[in-house]
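Trainee: Could we go through this one together, starting with the charged contacts?
Mentor: Gladly; let us bring up the sequence and the structure, and then take your questions in turn.

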Amino acid sequence: MLRTEFPIVGLGASAGGIQALEAFFRGMPENPGVAFVVVSHLSTSHEHLLLDAIARHTSLAAMIGVDNQQLEPNCVYLLPRDALMSIGQRRLRVIKRPANLSVRRPVDLFFSALAQDCLDYAAGIVLSGGNSDGTLGIKAIKEYGGLTLAQATDADGPVNPEMPASAIASGWIDFALPASEMARKLAELGVGLSLRSESGADTQEGGDPNGLGASGTIIRELLRAGIGHDSSGYNDQDFMRRVRRRMQIKQLGTVDAYIEHLNQAPQEAVALFHDLSVGTTNFFKDAEAFDVLNRLVIPELLQGRGATDTVRIWVPGCATGEEAYALAMLLREHMDTMAAPPRVRLFATDVDDWALLAARAARYPGQLLEGMSRERRDRHFLADGDGYVVNKHLRDMCIFAPHGVVRDPPFARIDLISCRNLLICSDRQVQQQIIPTFHYSLQPNGFLLLGAAEDAGEVGSLFKAIERKHRIFQRRNGQPVAPRLAFSSWPLQAASLPSSMHRPGEAVGATLHAAIERQVLTRHAPAHVVINGNGDVLYYSNGTGKFLQAEMGVPSHQVLTLARKGLRPDLRALLHEAAETGKSARRETVAFEDDEGRLQRVSLEVEPLSWQRDTETRFLVLFFQRGMDSEGSAPSPAQSPQDGVARHVEIELLQVRERLQSMAEEYEAALEELSSSNEELLSVNEELQSANEELEASKEELVSLNEELHTVNDELHSKVDELDRCNNDLNVLFDKAAIATLFLDRNLIIRSFTPAISDVFNILPSDCGRPITDLASRFDLPAFAKDIEHVYTDYRPVERRIASPMDGKHYLLRMVPHSGADNHVDGVVVTFIDITDIIKVERRHRVLIADLQRRTRSLFAIAQTVAQSPLVDGDAFKRFNNRLSALERVRGMLDVEWRIERRDATDYLLLEIPLDDTSASQEGSESALS
């Protein structure tokens, strides 16, 4: 993993992204010293349009990215068409987008690769877009210490706010700014990044390669004082990287300035702790490890368990809960195959209250579930907008609680511990304390699951490997190893090597050995041992066998376990005194029995050991031999009574010491029981809290349901009003229209009718629902039922003219099929249109036509008689007579066709009169028609 020498900024955009990118680059200064990579969802036809838009608003070199292209500062690279883009060692990786890719998330893909490649030199910006792409990528950048920005609303957008809104809602955004202000902010942060790099040497103190020294200790103390969390266990390198990230955001050039800022702004401690607590969790992260766990461990956990049994699982460092819910899914899937499954209590703990709130809410963006099978997603999740909510049957299994593995008492009687993200963030001392804690918490043959990046070398003596590749271990049985607490909680709370794993001299090099020897030879030269803050022996001198003795059972390097019984109470008191005061503590003439039962006397001294190479607290324990009483023999009769009394007192004192030691051991056992009881109370409290949350959720659901009912009720009211208006319109139409209309069903039952129908039938409003055949008609309708049947069978209208014998009225009877919403004929509509006036007009028309025809025939006869006298019987008369005959035939045809079709009489003349080359003309004076 190669860290870049200049920041690389990824920009993700979709719908409306061109306007946002124009606003972003419009405010970009010249030579910002940053490389920009634009990843968008825009169609392939907009590729050059986007390139031209960016080039118009910036002096930076803009280009389409190509595979294996080396990134350079002051350049802009665009995602090519139909491709996906990644990055490695500051080089673009461009691949053709698979045709079968169902979900396009190019922004998440590039941001995730950018975070892993550039660490805290990466920055991610989410601009206008129409989905939640970029949210997971922003999370990855945040986890690796980079900067995150999202577009806020201003005059330039966002046109579509879904992408930036999803990123902001995730809580992983450092700055939410309008697009036009982002360039200025990036320039300021870039200066802060340069200051941070240049001042790296200045921030290093005491030869500490991570730049911590006294300043790091002060920051840890301020963090503990501000929020109550001990950060001493965090890996120094990771801790300082997060501190420098906060310095960059606040644009502070030195650690001293940041310490001053911490003193003046208490909320900064919360922000720093939140950065430290960001976890890299995901559902089924490292799928192969979960497959092995599902195949080897889960069946064994549930085997032989009944409905009255309980399986207890602990997930320390659970972050936002993805790993805990993934384990719950595997367990639930196995439990569903059992007739009487056991109860499962999955304790998921973390020190970040914000992360625990997110875990309890159990709502995750849809893209987090994309690697999960559709069957598993539908089984364990409920869709909620663009996200998913964990089902209740999984939430009931999980208990989320604030808990520090080092700070708080451990859980007990655990069957499986899954710790995949905690040890990698802790320093070696904390790791050495956590592993024995896990051993103590697990039941015999319990299982331990570590992450792929966790160091598994520390667990060998306490656990046996079940599947070493995926870090699955099983607890070795034997004498349990109690969790070791430091002599004082602060600042001497530090972890040490597990006692059963320690090798003499391993933690102390040759130089340290020489320093110890010099100090002892100069001041004491007695038998001595060197221990750490937890009481583990790091170094033995010669002659310690008289005072320390290994007991039967699991090997231990705890000095209080190795010390002979008579020395343990005084040695314990001296260790606490030295740890609390930081000064030497001494106890004179402490009596104890040796292996032969003789009473020995020794002076004990414990003093802090001066060692400047690291910050771990160590103590030097010195044993000063003071001899023994009368060689340990029983008093003889010749001895004085005073000696016998003294001997008796010493024996009673030894017995009191033994009883005191027994009481101390009982006290420690009781303390462990109290820790277990406290853990049970914590579980009960968490269950009550979970039940309360369920009640709150049920209340919210009821409120939501009530709101939906109100909405439906309002919609129904609007529909009723609309129906009332339509009904009123129909009533007005029925009342005002003079057309008699009757609505019948297939059985001739009256559905409805207009008031004008009373002119045809003797009908009353109460007759709806009666057959029409039961009513008397004012007309003779013999084929009425038959015509209706034709309408049903042929689906064609039927029209007839009917006349009333009583009042002489004429009607046009029209029957048409009535179709329902499904186009199925379920009735007939019968209309009676009054055409009495039309019939009268037609009669008058026929009278006029008959009179016209009579007049025409008279005219033809007169014309023939007049023409016969001058023309006599010549050819001219014959031709004239033929034409008159043709006109008479035309008149006769008009008499027949008049009622059928109106035609031009000229058409008939052209048919009857042959046209040839001859023509006729008539000369004479003009006559006027009158």
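Trainee: Which residues are linked with Arg312 in a network of salt bridges?
Mentor: Arg312 is joined with Arg413 and Glu680 in a network of salt bridges; please keep in mind throughout that this is a predicted model.

Trainee: And how many salt bridges does a search of the whole structure find?
Mentor: The search of the whole structure finds 24 salt bridges. One of the pairs is Lys142 with Asp174, whose closest N and O atoms are 2.7 Å apart. That pair links distant parts of the chain, since Lys142 sits in helix H4 (residues 135–143) while Asp174 lies in the loop between helix H5 (162–169) and strand S9 (175–177), 32 residues apart.

Trainee: Is Lys142 buried or exposed?
Mentor: Lys142 is buried, because its relative accessible area is 5%, and the cut-off for buried is under 20%.

Trainee: What about Arg379, which side chain does it meet in a salt bridge?
Mentor: Arg379 meets Asp336, with an N to O distance of 2.5 Å. This pair also links distant parts of the chain: Arg379 belongs to helix H15 (residues 374–380), and Asp336 to the loop between helix H13 (322–335) and strand S11 (343–350), 43 residues apart. Arg379 is partly exposed at a relative accessible area of 34%, and Asp336 counts as partly exposed at 41%.

Trainee: Which residues make up the negative surface patch?
Mentor: That patch is formed by Asp759, Asp807, Asp834 and Asp837. Of these, Asp834 is found in strand S29 (residues 825–834), and it is partly exposed, with a relative accessible area of 42%.

Trainee: Last one, what span should helix H20 have?
Mentor: Helix H20 (residues 568–581) has 14 residues, so at 1.5 Å a residue it should span 20 Å, and its end C-alpha atoms are 20 Å apart, which agrees. Its buried residues include Arg568, Asp570, Leu571 and Leu574.

Methods. Residues numbered from 1 in each chain as written. Predicted model: local features only at pLDDT ≥ 70, side-chain atom pairs only at ≥ 80, totals over all residues. Heavy atoms only, no water. Patch = residues over 30% accessible without salt bridge, like charges linked within 9 Å, V, L, I, M, F, W, Y side chains within 5 Å. Areas by Shrake-Rupley, 256 points an atom, 1.4 Å probe, with all protein chains shown as cover. Salt bridge = Lys/Arg side-chain N within 4 Å of Asp/Glu carboxyl O. Lys, Arg positive; Asp, Glu negative; His and termini not counted. Charge placed at Lys NZ, Arg CZ, Asp CG, Glu CD. Helix = DSSP H or I, 4+ residues; strand = E, 2+ residues; numbered from the N terminus. Buried < 20%, exposed > 50% of the residue type's maximum accessible area, 1.4 Å probe, protein only. Expected span 1.5 Å × (residues − 1).
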